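Reader: Hi! I'm new to this one, could you walk me through it?
Author: Happy to, let's have a look together.

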Amino acid sequence: MKGSRRRFSQEFKDEAVRMVLDGPRTIAEVAREFGVHDTTLGNWVSTYKRTRAEEEPHSLSGPERARLRELERENSELRERLSFLCCDRFPA
């Protein structure tokens, strides 16, 4: 059916773009999962990067954001362990 185009919500596009930028998967892999053409998703990613670059010139890249989340998670776990160890040795 020529001429009919599927429309996607901004939330749908943003989620697909985030999966590409925040994870190790390629545009083609995420596009297959979301049921869109890889060129379409690539355009969404390019648009997102371009608009983000205009808004936030010093923003982190996808791998950097993923690493930051990993470090924050590790920091939280270490704080919990430290709290447990300190409270165990020095009861109030």
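**The core and what surrounds it**

Author: Let's begin inside: the largest nonpolar core has 12 residues, namely Ala 16, Val 17, Met 19, Val 20, Leu 21, Val 30, Ala 31, Phe 34, Val 36, Leu 41, Trp 44 and Val 45. Keep in mind that this is a predicted model.

Reader: Thanks! Which helices supply at least two residues of this core each?
Author: Those are helix H1 (10-22), helix H2 (27-34) and helix H3 (38-55). The largest share, five residues, comes from H1.

Reader: And which residues of H1 are buried?
Author: In H1 the buried ones are Ala 16, Val 17, Met 19, Val 20 and Leu 21.

Reader: Let me pick Met 19. What does it touch, leaving out residues up to four places away in sequence?
Author: Met 19 touches Arg 25, Val 30, Glu 33 and Phe 34. Two of these partners, Arg 25 and Glu 33, also meet each other through their side chains in a salt bridge, at 2.4 Å from N to O.

Reader: Nice. Are Arg 25 and Glu 33 buried, exposed or partly exposed?
Author: Arg 25 counts as partly exposed because its relative accessibility is 29%. Glu 33 is partly exposed as well, at 47%.

Reader: Let me zoom out. How many helices and strands are there in the protein chain?
Author: The protein chain has four helices and zero strands. Starting from the N terminus, its elements run α-α-α-α.

Reader: How much of the chain is buried?
Author: Buried residues are 15% of the 92 residues in the protein chain. As for its surface, the chain exposes about 7700 Å², and carbon and sulfur atoms supply 53% of that.

Reader: OK, new topic: how many salt bridges are in the whole structure?
Author: A search of the whole structure turns up five. One of them joins Arg 69 and Asp 22, with 3.9 Å between the closest N and O atoms. That pair links distant parts of the chain, with Arg 69 in helix H4 (residues 62-89) and Asp 22 in helix H1, 47 residues apart.

Reader: How accessible are those two?
Author: Arg 69 is at 35% relative accessibility, so it counts as partly exposed. Asp 22, at 23%, also counts as partly exposed.

Reader: Which residues are linked with them in a network?
Author: The network of salt bridges links Asp 22, Arg 65 and Arg 69.

Reader: And what does Arg 67 pair with?
Author: Arg 67 forms a salt bridge with Glu 70, and the closest N and O atoms are 2.8 Å apart. The two are three residues apart in helix H4, so about one helical turn separates them. Arg 67 is partly exposed at 41% relative accessibility, and Glu 70 is partly exposed with a relative accessible area of 39%.

Reader: Let's switch to the rings. How many aromatic pairs are there?
Author: The count comes to four aromatic pairs. Phe 8 and Phe 12 make a stacked one, 5.0 Å centre to centre with 15° between the planes.

Reader: What about Phe 12 and Trp 44?
Author: Their ring centres are 6.2 Å apart and their planes are at 85°, so that pair is edge-to-face. It links distant parts of the chain: Phe 12 sits in helix H1 and Trp 44 in helix H3, 32 residues apart.

Reader: Is Trp 44 buried or exposed?
Author: Trp 44 counts as buried, because its relative accessibility is 13%. Phe 12, on the other hand, is partly exposed, with a relative accessible area of 25%.

Reader: Last one: which residues do the ring pairs link into a cluster?
Author: The cluster is made of Phe 8, Phe 12, Phe 34 and Trp 44.

Conventions
Residues numbered from 1 in each chain as written. Predicted model: local features only at pLDDT ≥ 70, side-chain atom pairs only at ≥ 80, totals over all residues. Heavy atoms only, no water. Core = buried A, V, L, I, M, F, W, Y, C linked by side-chain atoms within 4.5 Å. Buried < 20%, exposed > 50% of the residue type's maximum accessible area, 1.4 Å probe, protein only. Contact = heavy atoms within 4.5 Å. Areas by Shrake-Rupley, 256 points an atom, 1.4 Å probe, with all protein chains shown as cover. Salt bridge = Lys/Arg side-chain N within 4 Å of Asp/Glu carboxyl O. Phe/Tyr/Trp six-rings, centres within 6.5 Å; stacked < 30°, edge-to-face > 60°.
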